[in-house]
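Hi,

Here is the structure for you to look over. My notes follow below.

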Amino acid sequence: MRWAMDTRQLEYFAAVADELHFGQAAARMHVSQPALSQQVRALERRLGAQLLERTTRSVRLTPLGRAVHEHVRELLEQREQALDHIDRLVSGRAGRLRIGFVPSAAFDLLPQIIAPFGRSHPHVELHLREMPTMDQLRKLAADELDIGLVRDIQEAPAVRLIPLVTEPLLLACPKDHPAAAHRRVRLSTLSGDRFVVLPTGVAPAMYAVVEKLTRAADVNLESALVALAFPTTLGLVASGLGVAIVPAAVRTNHPPGLAYRPIADPGAVSHLAAAVPDRHHDPLVEQLLHTAQAVTKWTPGTPTR
């Protein structure tokens with residue numbers, strides 16, 4: 001039959017085994033020498049074996065005591081490691097974060113957030129998943145993501161949105177396109193151009209912004225080419241197959257033959273936000289949000305930039 005473990009008795013025995021002196025062990029454990037000696041004897045009785053050889057002048061470990069000491073020391077070390085890990089989990093210094101992000105965030109915002117957070121939280125596992133905004137919102141509500149970086153969403157059920165960045169939309173066009181000769185472009189000058197767009201099934205909010213801008217400029221999207229991701233969009237534009245309206249963050253991707261120009265039309269902006277389950281209790285999520293807000297210089301009560 002396994003004997004019931006008294007951790008404090010194991011700690012007292014380990015101290016005596018380390019010091020081989022009851023007085024020094026008692027001082028180390030901040031207890032009286034008689035109390036420590038009594039607890040070690042209680043441990044020996046519970047085990048039914050002698051762990052220490054005592055004389056008036058010395059204390060020695062029995063062969064069994066040496067073997068037990070090794071296991072006790074390992075057990076106590078594991079306990080300390082476990083307690084330290086629990087402390088890191090509770091304080092938000094360790095654990096796991098499942099982070100979703102729209103593809104355009106990977107060009108700029110995501111690395112800016114992850115780099116400092118990773119340095120300050122080296123024990124946190126980061127699971128990064130690129131996915132459209134609507135997929136992130138569904139997974140956040142289903143507790144399959146902890147935090148997401150989403151685009152152009154004003155509200156969503158069971159999700160709290162924290163605005164981070166308002167960035168301009170740019171026109172991506174071939175370098176030899178007439179629009180590339182201008183510092184700013186009005187979309188009404190592109191009525192004869194074919195546009196390259198992301199499909200509504202992949203980026204419904206982004207498509208809605210583009211559709212609203214082009215409709216106001218009397219530009220028709222019926223003949224638009226559809227690309228599933230921004231790198232594909234930019235590749236098609238650089239090849240001369242059309243023009244595209246893209247968030248400013250993607251300009252870090254600059255294929256040969258491509259030009260970016262600011263759009264002069266009002267409302268040519270896109271909004272990036274962090275999204276979290278509205279009733280989460282994870283300190284890691286709050287710390288990642290704090291990092292994101294520090295990176296974007298946004299604080300509650302101030303407008304997004």
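What percentage of the 305 residues of the chain count as buried? The figure is 45%, with buried meaning under 20% relative accessible area, using a 1.4 Å probe and protein chains only.

Some ground rules. This is a predicted model, where local features need pLDDT of at least 70, side-chain atom pairs count only at pLDDT 80 or more, and totals for chains, interfaces and linings use all residues. Residues are numbered from 1 along each chain as its sequence is written, and side-chain values use heavy atoms, with hydrogens and water left out.

Along the principal axes, the C-alpha atoms fill a box of roughly 100 × 40 × 35 Å.

Now the cores. The largest nonpolar core has 39 residues (buried Ala, Val, Leu, Ile, Met, Phe, Trp, Tyr and Cys joined through side-chain atoms within 4.5 Å). Leu169, Leu171, Phe195, Val246 and Tyr260 have the most contacts inside it. Strand E6 gives the largest share of this core, 5 residues. Apart from it lies another core, of 24 residues, including Leu97 and Val285.

Best wishes

How values were computed:
Buried means under 20% relative accessible area, exposed over 50%, partly exposed in between (1.4 Å probe, protein chains only). Helices (H or I, at least four residues) and strands (E, at least two) are DSSP runs, numbered from the N terminus.
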